[in-house]
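The stops below go from pockets to sheet to helices to charged pairs.

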Amino acid sequence: MNISIIAVGKLKEKYLKQGIEEYLKRLSSYAKIEIIEVADEKAPEQLSLQEMEQVKQKEGERILAKITDDTYVIALAIEGTMLSSEQFAEKLDKLAVYGKSKVAFIIGGSLGLSKEVMKRANESLSFSKMTFPHQLMRLVLLEQIYRAFRINRGEPYHK
C-alpha cells in the first residue's frame, strides 16, 4: 500500500519531527509512506470570511495538484466520520483488498480545507470534535496508521 499524507505548511517543531520520524521508521515494513508538504498561504491574523475562503482556495489548489486520479482521498476534517482504531484498521484493510493501493490523507492548514478539496475527497475522517494543531495531526495520524497495521496483522500493540 502506498500512503501519502499531504499537509499544509512546514513542520518546524523538533519534537514533532522526531515523533514522525519514529513512526515512519516503524511503518516502513508495512507500507510505503510519503509526507508531502504544500506551502501555507501567508495571511494576517484578522481575516474576513471572503479572505479566509481565498486562503483555503489557494492552499486547496496546491493540495489538489499533488493528487493523482487513481488516489483514494481521505480528508481530515472535524465534521468527518469518527472511527475507533479497530474501525480505522478495518477501513485501511478493505481499501487494500479492493485495490485502492494509493491512499492520500489530507491535513489542511489552520483554516481547514477548501470546498474543492472536500469535493475531491472520497470520504472525510474526524479524530475528535476538538480542534488540534494541524502540525500535531501528522503525528497522531501516523500513530493511528501504525496501530491499524498492527491490528490488521494481529500483532500486539498497547491499548
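A pocket here is found on a 1 Å grid over the protein atoms alone: an open set of points where a 1.4 Å probe fits, with protein on both sides within 12 Å along at least five of seven lines, and its lining residues have an atom within 4 Å of a point. Grid points are joined across faces, edges and corners, and a volume is the space filled by probe spheres set on the points. This is a predicted model, in which local features need pLDDT of at least 70 and side-chain atom pairs count only at pLDDT 80 or more, while totals for chains, interfaces and linings use all residues. Residues are numbered from 1 along each chain as its sequence is written, and side-chain values use heavy atoms, with hydrogens and water left out.

The largest pocket has a volume of about 490 Å³. Select Leu76, Ala77, Ile78, Gly109 and Gly112, the closest to its centre of the 23 lining residues. Strand β3 (72-82) gives the largest share of this lining, four residues; β5 (123-126) and α5 (134-152) also supply at least two each. Helices (H or I, at least four residues) and strands (E, at least two) are DSSP runs, numbered from the N terminus. By class, 13 residues of the lining are nonpolar, eight polar and two charged. Here Ala, Val, Leu, Ile, Met, Phe, Trp, Tyr, Cys and Pro count as nonpolar, Asp, Glu, Lys and Arg as charged, and the others, Gly among them, as polar.

Next, go to the second largest pocket, with a volume of about 280 Å³. Of its 14 lining residues, Asp40, Glu41, Ala43, Ser110 and Leu111 are the closest to its centre. The lining divides into six nonpolar, three polar and five charged residues.

**Sheet**

Show the strands: five form an open sheet in the order β2-β1-β4-β3-β5, with parallel pairing (at least two DSSP bridges between two strands). At the edges are β2 (32-38) and β5, each pairing on one side only.

**Helices**

**Salt bridges**

Which residue forms a salt bridge with Glu22? Select Arg26: the closest N and O atoms are 3.0 Å apart. Both residues lie in α1 (14-27), four residues apart, about one turn of the helix. The whole structure has 14 salt bridges (a side-chain nitrogen of Lys or Arg within 4 Å of a carboxyl oxygen of Asp or Glu).
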